[in-house]
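Here are my comments on the model you sent. Please read them with the structure open.

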Amino acid sequence: MTLLFILSLLILAIIFLILKRLKMCGFTLMIMLIGFVIMGNGTLPRLLLKPLEAPYNLELKSEFSQGKNAIVILGGGLTEIPGTDIVKPKFMAYSRIYQGLQLYQSCKKSEHKCTIIISGGNPFSSGISEALVYKNELLKFNVQEMDIETESESMNTYKNAELTSQYLKKQNFEHVFLVTSGVHMRRASLYFSHFGIKTIPVISDYITARISFLPSAYNFVMTDMALREYMGILRYYIYNLFGWNAKGRTSGYP
């Protein structure tokens with residue numbers, strides 16, 4: 001996204017140059033340079049990330065219901081190991097799996113009822129979904145298979161919320177713990193709320209921009225990640241305005 005922004009401005013500047021609109025060419029190049037600098041040195045991504053992550057705390061403070069508790073782990077991607085048929089969770093997904101595991105163990109230790117629900121489809125042609133891969137990882141840590149449910153059809157966060165909410169409502173869970181990355185939590189919580197699910201946010205990881213004198217590729221990646229979340233939130237409200245979102249809230253469910 002950031003690369004597209006810079007290339008678009010460069011192409012526009014070249015067009016202005018061809019048309020001999022030198023002032024407009026210079027202005028466009030100046031905007032491109034400023035954008036490149038504030039994205040690359042960490043200023044812009046830091047400003048963008050703070051509102052997304054600041055409302056949440058990494059400390060795991062969980063109060064389990066005496067009734068049924070759900071721990072929803074959202075998919076964070078898969079990686080195919082080159083030259084093999086092995087599929088593993090992406091690096092950010094491991095933090096979600098670990099945090100979900102930690103929450104499950106805490107729930108079991110306090111002798112409460114809890115079910116892990118893993119939501120994520122199959123991004124490759126490997127025939128295995130995020131949900132199943134993550135489930136296999138959890139089983140290695142003695143999570144009881146009967147305590148894991150999988151939702152393997154969703155291919156994005158909106159579908160995670162839509163399809164998982166159906167199961168949550170049928171089972172009448174009292175508390176729903178939503179496990180995902182800090183940068184992703186605001187959008188994920190918004191989508192679950194649309195389908196009538198009140199969630200308790202459990203953050204698995206934070207990302208931060210690095211302020212540096214020279215532009216860094218890392219900071220461009222952080223900018224892209226933050227912009228993706230803002231675009232997802234904006235798209236939700238635009239779709240709601242035009243009635244394009246799937247039917248959401250159901251009365252009588254918290």
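1. The model is predicted, and the comments should be read as comments on a prediction.

2. The largest nonpolar core has 29 residues. Inside this core, the residues with the most contacts are Val72, Leu168, Val176, Leu178 and Phe192. Two or more residues each come from α3 (43-53), β1 (68-74), α6 (157-171), β6 (175-180), α7 (182-194) and α8 (217-241). The biggest contribution is that of α7, which gives six residues.

3. Leu9 lies in helix α1, which spans residues 2-18. Its relative accessibility is 13%, so Leu9 counts as buried, the cut-off being under 20%. Beyond the neighbours within four places in sequence, Leu9 is in contact with Thr28, Ile31 and Met32. Ile38 is 29 residues from Leu9 along the chain, and the C-alpha atoms of the two are separated by 15 Å.

4. Asn142 sits in the loop between α5 (130-139) and β5 (148-151). Is this residue buried or exposed? With a relative accessible area of 68%, Asn142 is exposed, because the cut-off for that class is over 50%. Its phi is positive, about 65°, although Asn142 is not a glycine.

5. Asn172 belongs to the loop that joins α6 and β6. Asn172 is not a glycine either, yet has a positive phi of about 55°.

Methods. Residues numbered from 1 in each chain as written. Predicted model: local features only at pLDDT ≥ 70, side-chain atom pairs only at ≥ 80, totals over all residues. Heavy atoms only, no water. Helix = DSSP H or I, 4+ residues; strand = E, 2+ residues; numbered from the N terminus. Buried < 20%, exposed > 50% of the residue type's maximum accessible area, 1.4 Å probe, protein only. Contact = heavy atoms within 4.5 Å. Core = buried A, V, L, I, M, F, W, Y, C linked by side-chain atoms within 4.5 Å.
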